[in-house]
Amino acid sequence: MKVGEPYNPRAIFRGIFIPESLARIPCSTLSLGAKVCFGWLSWHINDDGECFVNRETLAVEVGVSVSSVRDYLRELETHEFIKRIRTGPHSNEYEFSWHEVLEASLRKKDRH
């Protein structure tokens with residue numbers, strides 16, 4: 001592919017997943033950082049629905065400090081998008097909690 005050529009990003013890139021309805025929540029309710037953090041959490045989930053990732057890894061992936069990731073995770077917990085399950089003194093599992101906001105992102109019909 002050459003610089004400037006048209007392409008279809010959906011056909012060639014791997015990436016994180018942020019449900020459309022979550023992405024549309026006003027930033028006054030849920031920060032952009034929390035939305036991106038949700039996307040990276042969903043990238044780390046395994047086939048059994050388990051999500052084990054440390055804050056340091058998320059900080060690198062999101063491109064922010066560990067304290068910012070802590071704030072984003074707290075936001076997601078406060079708004080009940082995720083639940084933190086302590087698995088050890090310095091480790092957590094993150095569980096995704098179904099939220100009414102997500103209903104609007106269900107694939108009822110293809111919008112494209």
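How many salt bridges does a search of the whole structure find? The search finds 3. A salt bridge here is a side-chain nitrogen of Lys or Arg within 4 Å of a carboxyl oxygen of Asp or Glu.

This is a predicted model, in which local features need pLDDT of at least 70, side-chain atom pairs count only at pLDDT 80 or more, and totals for chains, interfaces and linings use all residues. Residues are numbered from 1 along each chain as its sequence is written, and side-chain values use heavy atoms, leaving out hydrogens and water.

**Overall build**

The protein chain has 5 helices and 2 strands. Both are DSSP runs numbered from the N terminus: helices are H or I with at least four residues, strands are E with at least two. From the N terminus on, the order is α-α-α-α-α-β-β. The C-alpha trace spans about 50 × 35 × 35 Å along its principal axes.

The predictor's confidence in each residue is the pLDDT, from 0 to 100. The chain averages 91, and 96% of the residues score at least 70. Confidence is lowest in α1, at a mean of 81. It is highest in helix α5 (residues 66-78), at 97.

| Pair | N to O distance |
|---|---|
| Glu-20 and Arg-24 | 3.2 Å |
| Asp-71 and Arg-74 | 3.2 Å |
| Glu-77 and Arg-84 | 3.6 Å |

Asp-71 and Arg-74 both lie in helix α5. They are 3 residues apart, about one turn of the helix.

How open are these side chains? Buried means under 20% relative accessible area, exposed over 50%, and partly exposed in between (1.4 Å probe, protein chains only). Arg-24 has 62% relative accessibility, so it counts as exposed. Asp-71 is partly exposed at 38%, and Arg-74 is partly exposed at 45%. Glu-77, at 26%, is partly exposed, and so is Arg-84, at 37%.

**The inside**

Of the 112 residues of the protein chain, 30% count as buried. A nonpolar core is a set of buried Ala, Val, Leu, Ile, Met, Phe, Trp, Tyr and Cys residues joined through side-chain atoms within 4.5 Å. The largest one has 21 residues. Those with the most contacts inside it are Leu-41, Leu-58, Leu-73, Leu-76 and Phe-81. The elements that give two or more residues to this core are α3 (32-44), α4 (55-62) and α5. The most come from α3, with 5 residues.

Contact means heavy atoms within 4.5 Å. Leaving aside neighbours within four places in sequence, Leu-41 is in contact with residues including Leu-58, Leu-73 and Leu-76.

Where is Phe-81 found? Phe-81 is in the loop between α5 and β1 (82-88). Its relative accessibility is 2%, so Phe-81 counts as buried. Leaving aside neighbours within four places in sequence, its contacts include Leu-22, Phe-38, Leu-76 and Val-101.

**The outside**

Met-1, Tyr-7, Ile-12 and Phe-13 form a nonpolar patch on the surface. Together they have about 490 Å² of accessible area, a value from the Shrake-Rupley method with a 1.4 Å probe, where for residues only the protein chains shown count as cover. Patches are made of residues with over 30% relative accessible area and no salt bridge; like charges are joined within 9 Å, nonpolar side chains (Val, Leu, Ile, Met, Phe, Trp, Tyr) within 5 Å.

Tyr-7 sits in the segment before α1. At 44%, Tyr-7 is partly exposed. Phe-13 lies in the loop between α1 (9-12) and α2 (20-23). At 54%, Phe-13 counts as exposed.
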